[in-house]
There are 2 protein chains.
Amino acid sequence: MAKAIRKSLPEAGQGGPVSDRTLRGFAGYNMKRAFNAVQADLARTLEPFGLRMMTFTALVLVIDNPDLSQTQLAGALAVERSNLVVIIDDLEQAGLITRNPSPTDRRSHALRATLAGRRLCERALQAVRAHEEKLLGGLGENGAAALIAALQTVEQGNRGGE
Amino acid sequence: MAKAIRKSLPEAGQGGPVSDRTLRGFAGYNMKRAFNAVQADLARTLEPFGLRMMTFTALVLVIDNPDLSQTQLAGALAVERSNLVVIIDDLEQAGLITRNPSPTDRRSHALRATLAGRRLCERALQAVRAHEEKLLGGLGENGAAALIAALQTVEQGNRGGE
């Protein structure tokens, strides 16, 4: 009985606040923490549409790039082929995209969104825009644009340095 | 033969540039892309020390919080218990941390860095600071501080809104 009670309580002395003062000085750490928070809210935003972050991202890319190949999509999403298969299967089973014979390579498939896929994506994009407005609200409009520009500078600069 | 040659060539029409114009409007997407670039460079930076991003982060947290419990560390790293075990095993086997009986809960362990762990961490921190200076170079000093502040605003605001 004592054990059961103990288990149901928050673990005192075990879950206390942990100082991350050294790590907070690194942009990379702050980027990861902020992204984790964004991702959690994004998951809640996409859930009513039956989408996850990766299926939403893939659907937007297929719409912006008709006849995208699976190789191109894997590269754009930076995922392994095995993970890509799950993403494509999910979207196909939901009737949001179709796999068609590639016009340039018959071993490959060209991905295209269905009408239902384009319609769902429009509604999901609206919800994600609202989610972003909420999460960037503390920065003001200029602050949000400056954040995006700074992130792109880091990404480009870092890639250029390789 | 034709097949073999074809296989060794880059897949023409398969790996062409993919437009992510819609996604680029979202801070979350830019955050993820920038973090991927940072993470790749960080992995190269930590490799000579025998550390990965997660073992480095855990080591810094253990040093900043002596006698940290495994539950606290899992929370601070935002990882599942099973992943935490791998991280702790790696650090312990490398002689960088020790698991000691907890002063407050005998079912638990208190984590402490060894002298070798503290020394390795000092050198790794210097290398990571240089990696950050390089990757944030394009922003200037004020820009780097502004980026970190903006990321913290997003993280805090988003958490507060839950």
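This is a predicted model: local features need pLDDT of at least 70, side-chain atom pairs count only at pLDDT 80 or more; totals for chains, interfaces and linings use all residues.
**Entry 1: the sheet in chain A**

I began with strand pairing in chain A, and found that β2(A) and β3(A) pair in the antiparallel sense over five bridges. I then looked up one bridge: A:R99 has A:L111 as its bridge partner in β3(A). Next I wrote down the strand order. Chain A has an open sheet of three strands, in the order β1-β3-β2, with antiparallel pairing. I marked β1 and β2 (97-101) of chain A as the edge strands, since each pairs on one side only.

**Entry 2: helices around that sheet**

Which strands does α3(A) lie across? I found β1, β2 and β3 of chain A. The helix runs at about 100 degrees to β3(A).

I moved on to helix α4 of chain A, residues 70-77. I listed its buried residues: A:Q72, A:L73, A:A74 and A:A76. I also asked what covers the buried residues of α4(A). Then I checked the backbone just after α4(A). There A:A78 takes a positive phi of about 55 degrees.

**Entry 3: the sheet in chain B**

I turned to chain B. Its three strands form an open sheet in the order β1-β3-β2, and the pairing is antiparallel. I noted that β1 and β2 (97-101) of chain B stand at the edges with a single partner strand each, so one side of each has no neighbour in the sheet. I looked up the pairing of β2(B) with strand β3 (residues 109-113) of chain B: five bridges, in the antiparallel sense.

**Entry 4: how the two chains are related**

What rotation superposes chain B on chain A? I read off 180 degrees, with 0.0 Å of shift along the axis and an RMSD of 0.0 Å. The two copies are therefore related as by a two-fold rotation axis. I saw that the same surface serves both copies, as 100% of the contact residues of chain B recur in chain A.

**Entry 5: where the chains touch**

I looked up the contact. It takes 63 residues from chain B and 63 residues from chain A. Several elements of chain B each supply at least two residues to its side, among them α2 (27-46), α6 (115-135) and α7 (140-160). Which element of chain B gives the most to that side? I found α7(B), with 14 residues. Last, I sorted the residues on the side of chain B that touches chain A: 26 are nonpolar, 25 polar and twelve charged.

Technical notes:
Residues are numbered from 1 along each chain as its sequence is written. Chains are lettered from A and ligands numbered from 1 in the order in which they are written. Copies are superposed by least squares on the C-alpha atoms of residues with pLDDT of at least 70 in both. Two residues are in contact if their C-beta atoms, placed from the backbone, lie within 7 Å. Helices (H or I, at least four residues) and strands (E, at least two) are DSSP runs, numbered from the N terminus. Ala, Val, Leu, Ile, Met, Phe, Trp, Tyr, Cys and Pro count as nonpolar, Asp, Glu, Lys and Arg as charged, and the others, Gly among them, as polar. A residue is buried if 20 or more other C-beta atoms lie within 10 Å of its own, exposed if 12 or fewer, and partly exposed in between; C-beta atoms are placed from the backbone. Two strands pair if DSSP finds at least two bridges between them. Axes are lines fitted to C-alpha atoms, for helices over the stretch in contact, and angles run from 0 to 180 degrees between N-to-C directions.
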